[in-house]
Amino acid sequence: MNLPLNLIIEADGGSRGNPGLAGSGAVVINADTGEVLVEVARFIGVATNNVAEYLALKAGLEAALKLNHEARVLVRMDSKLVIEQMAGRWKIKHPDMIQLGAEVQAIARGKQIRWQWIPREENSRADALANKAMDERVDSTKEILSQGSKSPVAEFNQSMPSSVRAPDQVTEELTTVILVRHGRTHLTESKRISGRGGENPGLSELGRKDAEAAAVAVRQIGLSGPWAFLTPVSAVVASPIKRTQETANIIANSLGLSVATNENIAEISFGDWDGFTNDEVLEKWPQEMADWRGSWTTSPPNGESLESFDERVQLGRRQILAEHAGKTVLVVSHVMPIRGFLKAGMDANSAAYWRPQVAPCSITIIRFWGDQAAEVVTLNATSHL
């Protein structure tokens, strides 16, 4: 069986009394397929929650690196203390933790490990194993290594373009871009034009529900579901506009990440048409709208042409690819910038700016090797909504 290249560890510990009867649990997951590979339960005896959590992490790391000591590992725990201390952002001060922390750091030293805090409800598998250890008062290790395990996408290539017809001289590093359009606003719901500038509304109540549903779907990327074969999101970038910032923060908070802003992926400017419906624009500016439709160079009054917009959004795309090369990055933006990424991903012409549907909080996934190659994984996915 091929060694798994990308692993996820979910770890948790518990103490009934703190200090009291304690146990720890850890799960090792193949990040490329979503399969659980190892389950570890350890009965500790009498200890605190923090000791149990550190021992859970230690057991998980040992199990993961036993599978492949060269693997890239994402550690996911609901203990903010352990994650922040292991990431080096918080100092280990408690005497009981110093020795355990040093032991874990020794195991992790020189390895490719990322640390991610997750809400407690997302750590149920490890929590169940910790409780199993406390209930049964015994240790257990269960290996679930399947023979010939394959990615859910049979023709998927983890590091290079999947199609045999793609260019074979690809040297740029792979960056996977998860594109999410912002949730609904009152302008979206009333079918009014909302571009760069104008009113700049925040999310409506339905828009917040959109974003929360998208957060659930994005959290599953790299873990389970239809995109388990991708690597998990490790960075979030958003347009500076209010509705995208609010959407991005809802999703980023669920991932334990912060939001960076890129001005160049803001929505196109519709100028004087912002806030009007299409029918109202047609009534007030009939000739201007006729000239604008399908045009690469014509802009709305005081607005932005596709030509100038495309130059801006492609600059933003290249900035994001350069800053997050080799990673999976979530980009929260708008209809037109997402179409701009698709235009580049498909090496398409100007029609790419009006042909694809891009629904509120839909998910579009494109893999980019700089400007050398690209692969569209999914477009306008909405099954999570």
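Student: Which strands does helix H7 lie across, and at about what angle does H7 run to E8?

Tutor: This is a predicted model, in which local features need pLDDT of at least 70 and side-chain atom pairs count only at pLDDT 80 or more, while totals for chains, interfaces and linings use all residues. Residues are numbered from 1 along each chain as its sequence is written, and side-chain values use heavy atoms, with hydrogens and water left out. Helices (H or I, at least four residues) and strands (E, at least two) are DSSP runs numbered from the N terminus; angles run from 0 to 180 degrees between the N-to-C directions of axes, which are lines fitted to C-alpha atoms, for helices over the stretch in contact (heavy atoms within 4.5 Å). Helix H7 (residues 242-255) lies across E7, E8, E9 and strand E10 (328-333), and its angle to E8 is about 170°.

Student: Which strands stand at the edges of the sheet?

Tutor: Strands of a sheet pair through backbone hydrogen bonds, either parallel or antiparallel; here two strands pair if DSSP finds at least two bridges between them. The open sheet has 6 strands in the order E9-E8-E10-E7-E11-E12, with mixed pairing, and its twist averages 25° from one strand to the next. Each edge strand has a single partner, so one side of it is left without a neighbour in the sheet; the two are E9 (259-261) and E12 (373-381).

Student: How do the directions of H10 and H11 compare: roughly parallel or roughly perpendicular?

Tutor: Helix H10 (residues 306-323) packs on H11 at an angle of about 75°, with the axes 9 Å apart. The contact joins residues including Phe-309, Val-313 and Ile-320 in H10 to others including Met-336, Phe-341 and Ala-344 in H11. The residues of this contact divide into 8 nonpolar, 2 polar and 3 charged (Ala, Val, Leu, Ile, Met, Phe, Trp, Tyr, Cys and Pro count as nonpolar, Asp, Glu, Lys and Arg as charged, and the others, Gly among them, as polar). Angles under 35 degrees count as roughly parallel, over 145 as roughly antiparallel, 65 to 115 as roughly perpendicular and the rest as oblique, and H10 and H11 are therefore roughly perpendicular.

Student: Which helix gives the most to the lining of the largest pocket?

Tutor: A pocket is an open set of points on a 1 Å grid over the protein atoms alone, with protein on both sides within 12 Å along at least five of seven lines; a cavity is a set where a 1.4 Å probe fits but cannot get out, and lining residues have an atom within 4 Å of a point. The largest pocket has 35 lining residues, with Ile-193, Phe-270, Asn-278, Val-335 and Arg-339 nearest its centre. H5 (186-189), H8 (278-284), H9 (286-292) and H11 (335-346) each supply at least two. The top contributor, with 3 residues, is H11.

Student: About how much space lies in the largest cavity?

Tutor: The structure holds 1 cavity of 30 Å³ or more. The largest cavity is lined by 10 residues, among them Arg-76, Gln-116 and Arg-219, and by class the lining has 7 nonpolar, 1 polar and 2 charged residues. With grid points joined across faces, edges and corners, and volume taken as the space filled by probe spheres set on the points, the cavity comes to about 40 Å³.
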